[in-house]
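Please view the sequence and the model first.

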Amino acid sequence: MQHLDPRSAYEFLQQDAQAVLIDCRAETEFLYVGFPVGAEHVAWQEGPDWEIDPQFAAKVARVVKGDLARPVLLICRSGNRSVDAGQALEAAGFTQVINVLEGFEGPLDENYHRGTLGGWRFRGLPWYQT
């Protein structure tokens, strides 16, 4: 699995029209916190029990229309869940899996807040909020 910082991931998406960005956060995070412009939502896990979706790889395969060689970039809140999701995609046969470091909101700061030290939104990249 490759790892790119948010700016490099954005540039990769701009340069490769076949690349797809999958936001693997829960639906509530995706809808209410915001998401990168152009991201497809496929949750790795959902509340309330936070079970991993056993159909995750199959759902991503539908997004890429069965082309498992198509570049898939994964983003979550901080860049941790997306690693686990990426490993599942690789195990399912995806060959170009890229984790977006820092995620959408970045790591926790000294006050236990996100969005102040890194992440897609912090880096000023295009995002949308419903």
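## Terms and model

A residue counts as buried when its relative accessible area is under 20%, as exposed when that area is over 50%, and as partly exposed in between. The model described here is predicted.

A search of the whole structure finds five salt bridges. Three of these are described below.

## Glu-102 and Arg-123

Glu-102 and Arg-123 form a salt bridge through their side chains, with an N to O distance of 3.0 Å. This pair links distant parts of the chain, 21 residues apart, although Glu-102 and Arg-123 each lie in the loop between strand S8 (97-100) and strand S9 (127-128).

Arg-123 has a relative accessible area of 25%, so Arg-123 is partly exposed. Glu-102 also counts as partly exposed, because its relative accessibility is 23%.

## Glu-105 and Arg-121

Another salt bridge joins Glu-105 to Arg-121, where the closest N and O atoms are 3.8 Å apart. Here too the pair links distant parts of the chain: Glu-105 and Arg-121 are 16 residues apart, each in the loop between S8 and S9.

How do the two residues stand in accessibility? Glu-105 counts as buried because its relative accessibility is 12%, whereas Arg-121, at 25%, counts as partly exposed.

## Asp-53 and Lys-59

Asp-53 is paired with Lys-59 in a salt bridge, and their closest N and O atoms are 2.6 Å apart.

The relative accessibility of Asp-53 is 17%, so Asp-53 counts as buried. Lys-59 has a value of 33% and therefore counts as partly exposed.

Conventions: Residues numbered from 1 in each chain as written. Predicted model: local features only at pLDDT ≥ 70, side-chain atom pairs only at ≥ 80, totals over all residues. Heavy atoms only, no water. Salt bridge = Lys/Arg side-chain N within 4 Å of Asp/Glu carboxyl O. Buried < 20%, exposed > 50% of the residue type's maximum accessible area, 1.4 Å probe, protein only. Helix = DSSP H or I, 4+ residues; strand = E, 2+ residues; numbered from the N terminus.
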